[in-house]
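Welcome! Here is a short briefing to read alongside the sequence and the model, with the main points grouped by topic.

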2 protein chains.
Amino acid sequence: MSTISDVAKLAKVSVSTVSRVISGKGYVSKETQKKVLQAAQELAYSPNLIARNLQSGKTQTIGFITNSPLGFPNSFLGTFIAIANLHDYYVTLYFTNGDKNKEIDVLNQMKHRQLDGIFVFNRSNEWSVFESYTAYGPIATRYRINSKQIYSSHIDHYPIYLASLNYLYQQGYKKIAHSMGNPENRNTKARIKAINSFYQGNGLLLNVDWLFCETSTENNGNQLAHWFHHATDKPEALACHSDSIAVEFISELQNLGYNVPRDVAVIGFDNSDISRLMHVTTVDYSANLQAENSFVHLYNQLNNTNIPQHHLEYKLIERKTTPKINDYIEQD
Amino acid sequence: MSTISDVAKLAKVSVSTVSRVISGKGYVSKETQKKVLQAAQELAYSPNLIARNLQSGKTQTIGFITNSPLGFPNSFLGTFIAIANLHDYYVTLYFTNGDKNKEIDVLNQMKHRQLDGIFVFNRSNEWSVFESYTAYGPIATRYRINSKQIYSSHIDHYPIYLASLNYLYQQGYKKIAHSMGNPENRNTKARIKAINSFYQGNGLLLNVDWLFCETSTENNGNQLAHWFHHATDKPEALACHSDSIAVEFISELQNLGYNVPRDVAVIGFDNSDISRLMHVTTVDYSANLQAENSFVHLYNQLNNTNIPQHHLEYKLIERKTTPKINDYIEQD
DNA sequence: CTGTTAGCGCTTTCAT
DNA sequence: ATGAAAGCGCTAACAG
């Protein structure tokens, strides 16, 4: 494995000259450049990026923290990586399975300069923990949080969720159960606000027993299906805060002998592949732009640039799980 | 950002002593250790891993190459990362979208010592290209290939596919279409061999028009659905080489007004989450063990260890898309 | 048990 | 336009 000084020797120039032609910085005469390139070629020289990184103090690597591979963040992650690669950044993926310590390990990677920045797709620790690490590098998330130190590319869930509920209402559903995230999340709070507006606005009575907040993400859709199975008073529709909950719910319900939407309508959230495959009505909220915004922010912080952010929009994607009530026709 | 020599100064010892206590290697007296730790604490010192990497020439990072985020390799990837993290390795994910150059870029990352090893989940370039890079580090894949240089944790698809076909036969399906991978893959060849055995063994006639080999992974299930829609002579069952093809096929068929399994039975391959959610009969072939084997091999190569590999088994997972023919009962 | 010293491979002033 | 030399922060002989 040849080094820069091997090349220098062979080309009979100094290491700094070689460095200049390899990195393309600084003045080098055409002739010496040619000599160097030839020597480099001959020795099959390739620069050691670790040494470069030590010099620059950067690794060009962003850490991506997510709970588990089961959350179907595929498209988001794909976009994030694509845009990162476009800017010569790489992304290292960490599955924490909700383990706070694993999350801390990742944050420490940044502290140890192994990571230039971090994106938080899921989190287990308090935001204050993340904030304390912003001293070592930029952190971004998709959650809607109120922090000066952590960037958040989010979209207000209030109008979106209100639109979802109004849509369900318009389709004839009045008895609606709600599956929501961590009650401390601002997204969840926005949804609760939307729920209140909705029920008051339509003169409906909110059944508090039909308000589910997530404690552990694990199998939540599954549990909801069993809850539905045993409930004496069943809702006409379930509004979910993620497609993954929605499809787990539907799938398990099918195992229990139910039919969606005949027995209950379902609306998801994310417009993920899985919702498309399973024909679940959902909401698209420009997750790809959100991913792009997140990376761009990290990039801007890291490089003192000012690439502009995209504005996020949402759109209801109507599929088969929310027909007009009582309109369901047995598929043939 | 304090360095090891800052700590050394404050603790009034040499850098090597500090290095010893931080890395836990070599003899240090309890007292000096305490002094050093205290100084480190005071300065909020944390080791710069890049420097360590330069010293060791390693990054503790494995590159994971995959085509696109749409192939549902979630569980495999999750296992791979989990086992890697357990061994203090990290994994950087690359989506190539079938772009050969992007694949080469990743290989060059290893050449530049940014990556200690590479796992190939999908590939676009010839294997010989990959082989030429094994000079720079170990490469592993899940494909069944014949290479001394690239490790492959695979399972023979011949008996598996034969078992799938026999199962379909036993369920009463005799008109079977086949969706397969790249005809140059040895897995595909094994499947073709299984097909021949099957048709000959059962005295059936193989319809060559029902043999689909994949050129581009994109939307293959989709295309198959449209093919089915327009075919005058339709098969009774489709056997797929991946769950992702199977579910895309089913989903698009549903869009076209068909019903699976009433109109056509489907068997997948992978036992992925998506097949579970959509109740697709599939084959489990210990993909998680395959992921583990792959990492373990890379680890063994990198560390001159000899952690043993797992033996891969397969198991047919019977779900709802392959009932006894003509036994389909409209779900209620 | 601890300190000195020489790198790891590259970039970057600062001279010339 | 090119070279010498000083690091980047850490590890690992080697000496004592």
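This is a predicted model: local features need pLDDT of at least 70, side-chain atom pairs count only at pLDDT 80 or more; totals for chains, interfaces and linings use all residues.

A crossing of two helices is called left-handed if the near helix is turned anticlockwise from the far one by less than a right angle, and right-handed if it is turned clockwise.

**A helix pair in chain A**

- Helix α5 (residues 74-86) of chain A packs with helix α13 (residues 287-303) of chain A at an angle of about 40°, and their axes are 8 Å apart.
- Because of that angle, α5(A) counts as oblique to α13(A).
- The crossing of α5(A) and α13(A) is right-handed.
- On the α5(A) side, the contact is made by Ser75(A), Phe76(A), Thr79(A), Phe80(A), Ile83(A) and Ala84(A).
- The α13(A) side contributes residues including Gln290(A), Ala291(A), Glu292(A), Phe295(A) and Leu298(A).

- Chain A has an open sheet of 4 strands in the order β7-β6-β8-β9, with parallel pairing.
- At its edges stand β7 (211-213) and β9 (265-267) of chain A; each has a single partner strand, so one side of each has no neighbour in the sheet.
- On average, neighbouring strands of this sheet are turned by 15° against each other, direction ignored.
- Strand β6 (residues 176-180) of chain A runs parallel to β7(A), and 3 bridges join them.
- His178(A) has Leu211(A) in β7(A) as its bridge partner.
- Helix α9 (residues 186-201) of chain A packs on the sheet and touches β6, β7 and β8 (237-240) of chain A. The direction of α9 makes about 165° with that of β6(A).

**The sheet in chain B**

- In chain B, an open sheet of 4 strands has the order β7-β6-β8-β9, again with parallel pairing.
- Its edge strands are β7 (211-213) and β9 (265-267) of chain B, each of which pairs on one side only.
- From one strand to the next, the twist averages 15°.
- Strand β6 (residues 176-180) of chain B is joined to β7(B) by 3 bridges, and the two run parallel.
- Opposite Met180(B) stands Cys213(B) in β7(B).

**Where the chains meet**

- Chain A and chain B bury an area of about 5000 Å² between them, and carbon and sulfur atoms give 56% of it.
- In chain A, Ile50(A), Arg113(A) and Leu277(A) lose the most area to chain B, together 14% of what that side buries.
- The contact takes 50 residues from chain A and 50 residues from chain B.

Terms used:
Residues are numbered from 1 along each chain as its sequence is written. Chains are lettered from A and ligands numbered from 1 in the order in which they are written. Side-chain values use heavy atoms; hydrogens and water are left out. Axes are lines fitted to C-alpha atoms, for helices over the stretch in contact, and angles run from 0 to 180 degrees between N-to-C directions. Angles under 35 degrees count as roughly parallel, over 145 as roughly antiparallel, 65 to 115 as roughly perpendicular and the rest as oblique. Contact means heavy atoms within 4.5 Å. Two strands pair if DSSP finds at least two bridges between them. Buried area is the accessible area (1.4 Å probe) that two parts lose on being put together, summed over both.
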